Amino acid sequence: MVKAHSLIYAIYVCLIVSLLCGALLYIANMYNQLNIYYTTHEELYIQNQSLVNYALANTDKTSIETEDEQTVGSAYELKPYGLLTLLQAKSFIANDTVTSVHFAAAKTNDNTCVFLTNLDRPLTYSGDVKLIGDKQLPSDFINAIHIDNKPNKLENRGKITASANSMPDISESIKKSFAQLNGLKVLLKELPQNKGVYYNSFLNPTLEINLEDPSLNTSLKGNIIIRSKDSIVVKSNANLNDVILIAPKIIFEDNFKGTLQAFATRKINVGTNVELGYPSSLCLSNTTLEKSSIVIKNNSKIYGAIVLYGNATTDISKNSIDIEKEVILACDIYCTGELTLRSNVYGTVYTNKFVHKTASSGYDNCLADIEINPSKRPAHFVSMPLLSNNDSNYAAIKKVL
């Protein structure tokens with residue numbers, strides 16, 4: 001005869017066993033769902049990377065032609081962001097989506113070291129000068145001149161061809177940048193903030209902040225334009241990443257570090273020990289008869305591009321780029337005015353005129369004690385699209401999302 005409490009114990013045991021079995025089935029189902037989730041997302045990430053590579057080679061399209069049975073959808077969009085192109089790639093399946101955003105730029109195979117416009121004055125050199133790469137110059141000969149009784153040594157590698165009497169056409173995207181750079185106008189306090197940094201995702205529309213006070217000492221990151229009617233003074237404690245600055249005059253205080261694009265019409269001054277990380281650009285457009293200048297002081301670092309353009313050849317002397325000693329220039333330089341170089345350039349230089357100055361005199365189209373060598377660009381470096389280029393092949397520069 002079975003006792004009542006033994007039956008209750010049996011029921012408890014059956015209940016516990018059923019709960020354990022149910023838990024095991026639930027865990028197994030959850031594991032299976034997680035496995036499907038991670039497998040799906042892995043497939044989406046792989047597909048998204050493949051989509052980015054496809055988009056870089058097919059900038060005239062916005063989607064991939066696929067077979068009907070393919071379950072992963074893909075779409076991409078390219079739009080200008082200053083001197084750069086913003087590539088947004090989206091891969092999706094059912095309710096899952098993977099999106100990535102990259103800075104991109106048109107690739108170039110140009111191995112030019114120096115382009116010097118043919119304005120009837122040949123290139124000369126003084127001291128220890130290295131020119132590595134192809135050159136377009138007014139003359140086949142680079143003559144030595146003696147300054148301060150220093151010995152002269154020229155290392156010249158690459159072919160020399162005759163230059164034209166005008167600069168190569170600058171990229172239309174740069175010309176359009178000044179007119180088309182705009183965004184949704186907001187107040188600084190309206191931006192989302194995370195750990196003291198104001199941020200706008202590159203998935204969102206571009207936001208634009210108009211400064212009333214020229215001093216900029218805020219932390220800003222992402223898809224943001226900062227504009228001023230007169231000037232922007234970037235303080236050393238400002239934290240700027242991937243943003244765009246627009247003002248007639250832009251000044252960077254000593255010791256500032258950031259990654260940005262700066263667009264001015266009258267003046268850009270870069271203080272000592274300033275570092276503008278890759279991909280940064282300093283761009284000045286002057287179409288007036290007023291003077292304009294870009295000045296970069298000692299011990300600074302520029303990774304990207306330096307551009308001054310807009311003046312006619314009759315106004316070369318009114319527009320200048322002046323780069324002091326001990327500056328690291330991993331960048332390309334385009335200057336329709338006078339270019340004074342006192343530091344090495346690991347990139348390409350296009351200019352109407354070189355100027356070398358000493359304490360007592362100045363020398364036109366003279367290079368002294370510097371190296372211009374595009375082959376020393378960093379391995380990951382993709383040149384900014386400074387010249388008009390019909391090549392539709394692009395390369396990713398930086399992932400921003």
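Colleague: Which residue of E31 is the bridge partner of lysine 130?

Modeller: Lysine 130 has glutamate 371 as its bridge partner in E31. The model is a predicted one, in which local features need pLDDT of at least 70, side-chain atom pairs count only at pLDDT 80 or more, and totals for chains, interfaces and linings use all residues. Residues are numbered from 1 along each chain as its sequence is written, and side-chain values use heavy atoms, with hydrogens and water left out.

Colleague: What makes strand E6 and E31 a pair?

Modeller: Two strands pair if DSSP finds at least two bridges between them. Strand E6 (residues 128-132) and E31 have two bridges, in the parallel sense, and therefore meet that condition. The strands themselves are DSSP runs of E with at least two residues, while helices are runs of H or I with at least four, numbered from the N terminus.

Colleague: Why is one side of strand E9 and of strand E31 left without a neighbour in the sheet?

Modeller: The open sheet has three strands, in the order E9-E6-E31, with parallel pairing. Strand E9 (153-157) and strand E31 (371-372) stand at its edges with a single partner strand each, so one side of each has no neighbour in the sheet.

Colleague: What makes strand E19 mostly covered?

Modeller: Six of the eight residues of E19 (residues 239-246) are buried. Buried means under 20% relative accessible area, exposed means over 50%, and partly exposed lies in between (1.4 Å probe, protein chains only).

Colleague: Which strand do five bridges join to E19?

Modeller: Those five bridges join E19 to strand E21 (residues 257-264), and the two run parallel; asparagine 241 has threonine 259 as its bridge partner in E21. Strand E16 (residues 219-222) pairs with E19 in the parallel sense over three bridges, with leucine 220 opposite leucine 240. Strand E17 (residues 224-227) likewise pairs with E19 in the parallel sense over three bridges, and there isoleucine 226 stands opposite leucine 245.

Colleague: Which residues of the largest nonpolar core touch the most other members?

Modeller: A nonpolar core is a set of buried Ala, Val, Leu, Ile, Met, Phe, Trp, Tyr and Cys residues joined through side-chain atoms within 4.5 Å. The largest one has 57 residues, of which Leu240, Leu245, Phe252 and Ile333 touch the most other members. Strand E27 (residues 328-341) gives the largest share of this core, six residues. A second, separate core of 31 residues includes Phe115, Leu181, Ile244 and Tyr334.

Colleague: What is leucine 245 in contact with, leaving aside its neighbours within four places in sequence?

Modeller: Contact means heavy atoms within 4.5 Å. Among the residues that leucine 245 contacts beyond those neighbours are Leu216, Ile226, Leu240, Phe252 and Leu260.

Colleague: How do you know that lysine 353 forms a salt bridge with glutamate 338?

Modeller: A salt bridge is a side-chain nitrogen of Lys or Arg within 4 Å of a carboxyl oxygen of Asp or Glu. The closest N and O atoms of lysine 353 and glutamate 338 are 3.3 Å apart, and the pair therefore qualifies. Lysine 353 is in strand E28 (residues 349-357) and glutamate 338 in strand E27, 15 residues apart.

Colleague: What does the salt bridge of lysine 353 and aspartate 364 tie together?

Modeller: The N to O distance of this salt bridge is 3.5 Å. Lysine 353 lies in strand E28 and aspartate 364 in strand E29 (residues 362-364), so the bridge ties together parts eleven residues apart in sequence.

Colleague: Why is glutamate 338 called buried?

Modeller: Its relative accessible area is 15%, so glutamate 338 falls within the buried class. Aspartate 364, at 31%, is partly exposed.

Colleague: Which class does glutamate 371 count in, buried or exposed?

Modeller: Glutamate 371 has 8% relative accessibility and therefore counts as buried. Its side chain meets that of lysine 376 in a salt bridge (3.3 Å, N to O), and lysine 376 is partly exposed at 43%. Elsewhere, salt bridges that share partners join Arg121, Glu338, Lys353 and Asp364 into one network. The structure holds 13 salt bridges.

Colleague: Why does asparagine 165 count as exposed?

Modeller: Asparagine 165 counts as exposed because its relative accessibility is 57%. This residue is in the loop between strand E10 (160-162) and helix H2 (172-180), and beyond its neighbours within four places in sequence it contacts Thr117, Asn118 and Leu119. Asparagine 165 and asparagine 352 are 187 residues apart in sequence, with their C-alpha atoms 8.9 Å apart in space.
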